Amino acid sequence: MQLSTSLLEKYSKAGPRYTSYPTAPYFTDAFGEKEWLEEIRQTQDKGRDLSLYVHIPFCDTLCYYCGCNMVATKNYNRATEYLGYLFQEIDRVAALTNPARVARQLHWGGGTPTYLVPDDIRRLFAHIESRFTIAADAETGCEVDPRELSRDHVRALKQAGFNRISLGVQDLNDTVQRAVNRVQPESLIREVYGWMREEGFHSVNMDLMVGLPHQTMETFRDTLDRIIAMGPDRLAVFNYAHVPWMKKHQKLIVESDLPSLQTRLALQQLILDKLTGAGYVYIGMDHFAKPEDEIVQAQQKKTLYRNFQGYTTHKNCDIYAFGASSISQTEDVFVQNVKKLSDYYNLTGGGRLPVERGLRVTQEDKLRRDAITRIMCDLELNKAEFGQTWGIDFDRHFADALAGLAEMGSDGLVTLEPGKITVTQAGRFFLRNIAMPFDAYLKQQSEDGPRFSRTL
Ligand code: SF4
């Protein structure tokens, strides 16, 4: 498959990543703690499993490209203080949870979860396990920063109960690493990766990032070759989202050092060719996995789903998320915690749930969410089946969206048949664009509405 510059130019525009629909900027403070407490109470006997998320916001240093909610500090007392409040929040939600409910998924993200010292990793995991029932075969994953990591950290993750690791690599080139203030030589990454395999982690994901300063075809080819030789089970190659108006520290990145649109296009092509050539299956957007990986099988069986952690094989779960800025989700509700640590401490310490804002979704939101999910996960949508599930005439209900897709059909991103919408190979790069016509909120967006990162 060949990508063209004209397609990239045309479709490289601001758009959501659709880890939720409606997307987070549309949550409102009209939905707060009282409403969330009520929702938790009312949804305990619906037979839905749980997915637990824990946010650890601390990092040793700041990567200039960072888009996360994080605090750079070398003062470990801050993590100790945070854990105290985190435990309180976990206890409060657990006390409201039906003990018969089982967690199928547990994920720690950040920030840097391995900022925690090994004993605190064990302590936090054990605390969660003492409050929630975690399935024996649960998918338990942790994001790992190779810098400042010890073998004891890796051992603690394994002993605590994690079975998946996601390692932040981004790029192996020294000049690129310096330009983004994340210096981690290949020898370090190899060593850490070796520890993970030796400690028995059978699923290791690596995160790479494309669009960083000084990246060229030559440097990134070299990075990809060396990464492929290590053999991670999954790879996520994220596009760097340069949004300095939202993330002020990104101003530390010199814009003229960023690769041009042409280079970014060539890099996308390179990634696709290299990774599929090495036997990885392209799931869509940024994700690649080995053919035997359950994420590939889930896509084939149409059971793949998307949530705040990205693609997941666990569909009908309520997400209970803990920690500053984390987002919880039930079938009908999204709710986000306060982002500032002082607010998180005040509310949690005062016996409250630290909710900042949320949203109760409408029936219309739900059916649009389903359409977007089918596009992003199954890469196709059967109109008759969809219409039957939701009690609508698909073509009439989505007349606007179909009109929006027509041009993408002519550009070869989707195939539009009378009964079916199918994403083409080229369209897998443009999943965000293909989903956007189904987003009713974008249509209403005013000039001063939320600004999203570029889709490519
Ligand atoms: S380690 Fe991750 S969360 Fe921390 S600054 Fe770097 S990119 Fe951001």
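Strand S1 (residues 49-56) and strand S4 (residues 102-110) pair in the parallel sense over seven bridges. Helices (H or I, at least four residues) and strands (E, at least two) are DSSP runs, numbered from the N terminus. Two strands pair if DSSP finds at least two bridges between them. His55 has Gly109 of S4 as its bridge partner. S1 also pairs with strand S13 (residues 317-322), again in the parallel sense, over six bridges. Seven of the eight residues of S1 are buried, so the strand is largely enclosed by the rest of the structure. A residue is buried if 20 or more other C-beta atoms lie within 10 Å of its own, exposed if 12 or fewer, and partly exposed in between, with C-beta atoms placed from the backbone.

The model is predicted: local features need pLDDT of at least 70, side-chain atom pairs count only at pLDDT 80 or more, and totals for chains, interfaces and linings use all residues. Residues are numbered from 1 along each chain as its sequence is written.

The residues around the ligand are Cys59, Leu62, Cys63, Cys66, Cys68, Met70, Gly110, Gly111, Thr112, Asp145 and Gly168. A residue belongs here if its C-beta atom, placed from the backbone, lies within 6 Å of the molecule. This shell divides into six nonpolar residues, four polar and one charged. Ala, Val, Leu, Ile, Met, Phe, Trp, Tyr, Cys and Pro count as nonpolar, Asp, Glu, Lys and Arg as charged, and the others, Gly among them, as polar. A cis peptide bond joins Gly110 and Gly111, with omega of about 25°. Gly111 is found in the loop between S4 and H4. Another cis bond runs from Tyr21 to Pro22, with omega near -10°. Pro22 sits in the loop between helix H1 (5-11) and helix H2 (33-42).

Leu167 has its place in strand S6. Leu167 is buried, with 21 other C-beta atoms within 10 Å. Two residues are in contact if their C-beta atoms, placed from the backbone, lie within 7 Å. Leaving aside neighbours within four places in sequence, Leu167 is in contact with Val144, Pro146, Val192, Tyr193, Val204, Asn205 and Met206. Leu167 and Cys63 are 104 residues apart in sequence and 15 Å apart in space, C-alpha to C-alpha.

Helix H5 (residues 151-160) has four buried residues, His153, Val154, Ala156 and Leu157. They cover an arc of only 160° around the axis, which puts them on the same side of H5. The arc is that of the directions from the helix axis to the C-beta atoms. The buried residues of H5 pack against helix H4 (118-131), strand S5 (133-144), strand S6 (164-170) and helix H7 (186-198). Just after H5, Gly161 takes a positive phi of about 135°.

In helix H10 (residues 294-301), the buried residues are Ile295, Val296, Ala298 and Gln299. Their arc around the axis is only 160°, which puts them on the same side of H10. Their cover includes strand S8 (234-239), strand S9 (281-284), strand S10 (287-289), strand S12 (310-312) and helix H12 (363-378). The face turned away from the buried side of H10 carries the exposed residues Gln300 and Lys301.

Most residues other than glycine have a negative phi, and most peptide bonds are trans. Lys302 lies in the loop between H10 and strand S11 (305-307). With 12 C-beta neighbours inside 10 Å, Lys302 counts as exposed. Phi of Met285 is also positive, near 50°. Met285 lies in the loop between S9 and S10. Met285 counts as buried, with 22 C-beta neighbours inside 10 Å.

Three strands form an open antiparallel sheet in the order S17-S19-S18. Its edge strands, each pairing on one side only, are strand S17 (380-382) and strand S18 (414-417). Neighbouring strands of this sheet are turned by 10° against each other on average, direction ignored. S17 and strand S19 (residues 420-423) pair over three bridges. Glu380 stands opposite Thr422 in S19. Helix H13 (residues 383-390) lies across S17 and S19, running at about 65° to S17. Axes are lines fitted to C-alpha atoms, for helices over the stretch in contact, and angles run from 0 to 180 degrees between N-to-C directions.
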